[in-house]
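Visitor: I would like to learn how to read this model. Could you take me through it feature by feature?

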Amino acid sequence: MSTVAERLRKCEKISAAWAQLTSNMSAEILAEAGFEVIVPDMEHAPYTLESLVSVLQAIKANDCFAMVRAPWNDAVLIKQILDCGAHGVHVPYVSTAEEAEYAVKCCKYPLQGIRGLASSQRATCYGMKKQEYFAAANRDIIVMTAIETPEGVENIDKIASVDGLDGIFIGPSDLSTSMGHFFNPKAPEVQEAIHKVECVVKEKGKFLATIAPNIDAAAALYDRGYSLVYFLSDVSAVANAAQAAVKRFKELYRNQ
């Protein structure tokens, strides 16, 4: 998994998809399809640690990189996510440099951080590869924080300067809503804020990440300098296909 981490740190383009159904089978489908990064969403999807492990097993079986979105910037939650075997952590709602520093510390073993040490968890292959894991974890684990508030935009220069922080995710829906434009990232004020974050993050040499509704929208973002775009979700893929199928059925047979 260090290959994906290295590519992200070089700001190369990486494909990504949400795993929001909490299903190992839908995550396996995404991985088999060829997505390089799969993102189990513990912030908004109904994950337990048990369901997370099941999804991570499916991701690992297909040699994909697991970037887990944590529920919050919390040391205990992040420790559990990493012990389950995540390769990277997407930390939501980080608005200050101090919060970003804390997120990094939560992901790193001492002396770089405060992550608790255990040798029997899944991440170490239940102790069978603990020395290999401990030697590489601080180096290989990707730490990415999300800008989702006006305060985060205001502090982006300091946030993006935090040592050990690899990337910045821009959450357009939360950012626009927190700026008073409910679910409207296209509002000029929001676009101006997004542009500011993009410029600073690229200047600081961190990778940029965000979401897109499809690959065509993602392509425009990749061309703007983004390295990681989540452009499909197992939930939306099923929902969109179901709606389209039912709509077509009604078009064909609703008058019969």
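**Salt bridges, helix pairs and a surface patch**

Guide: Asp83 and Arg115 form a salt bridge, with their closest N and O atoms 2.9 Å apart. A salt bridge here is a side-chain nitrogen of Lys or Arg within 4 Å of a carboxyl oxygen of Asp or Glu. The pair links distant parts of the chain: Asp83 is in helix α4, Arg115 is in the loop between α5 and α6 (130-140), and 32 residues separate them. Helices (H or I, at least four residues) and strands (E, at least two) are DSSP runs, numbered from the N terminus.

Visitor: What should I know about the source?

Guide: This is a predicted model, in which local features need pLDDT of at least 70 and side-chain atom pairs count only at pLDDT 80 or more, while totals for chains, interfaces and linings use all residues. Residues are numbered from 1 along each chain as its sequence is written, and side-chain values use heavy atoms, with hydrogens and water left out.

Visitor: Are Asp83 and Arg115 buried or exposed?

Guide: Buried means under 20% relative accessible area, exposed over 50%, partly exposed in between (1.4 Å probe, protein chains only). Asp83 is buried, and so is Arg115.

Visitor: How many salt bridges does a search of the whole structure find?

Guide: The search finds 10. One of the bridges joins Arg69 to Asp41, with the closest N and O atoms 2.8 Å apart. Arg69 lies in strand β3 (residues 65-69) and Asp41 in the loop between β2 (37-40) and α3, so the pair ties together parts that are 28 residues apart in sequence. Both Arg69 and Asp41 are buried.

Visitor: Which side chain meets Arg224 in a salt bridge?

Guide: That of Glu198, at 2.3 Å, N to O. Arg224 sits in the loop between α11 (215-223) and β8 (228-233), and Glu198 in helix α10 (residues 188-204), 26 residues apart. Now check the cover on each partner. Arg224 counts as partly exposed, at 38% relative accessibility. Glu198 is buried, at 4% relative accessible area.

Visitor: Which residues are linked in a network of salt bridges?

Guide: Arg7, Glu12 and Glu36 are linked in this way.

Visitor: Now the helices. At what angle do the axes of α2 and α3 cross?

Guide: Axes are lines fitted to C-alpha atoms, for helices over the stretch in contact, and angles run from 0 to 180 degrees between N-to-C directions. The axes of α2 and helix α3 (residues 49-61) cross at roughly 25 degrees and come within 8 Å. That makes α2 roughly parallel to α3. Angles under 35 degrees count as roughly parallel, over 145 as roughly antiparallel, 65 to 115 as roughly perpendicular and the rest as oblique.

Visitor: How are α4 and α5 placed?

Guide: The axes of helix α4 (residues 75-83) and helix α5 (residues 97-107) come within 9 Å and cross at roughly 40 degrees. The two helices α4 and α5 are therefore oblique to each other.

Visitor: Which residues form a nonpolar patch on the surface?

Guide: Patches are made of residues with over 30% relative accessible area and no salt bridge: like charges are joined within 9 Å, nonpolar side chains (Val, Leu, Ile, Met, Phe, Trp, Tyr) within 5 Å. Leu21, Val235 and Val238 form the patch, with about 230 Å² of accessible area together. Accessible areas come from the Shrake-Rupley method with a 1.4 Å probe; for residues, only the protein chains shown count as cover. Leu21 is in the loop between β1 (14-19) and α2 (24-33). Leu21 is partly exposed, with a relative accessible area of 38%.
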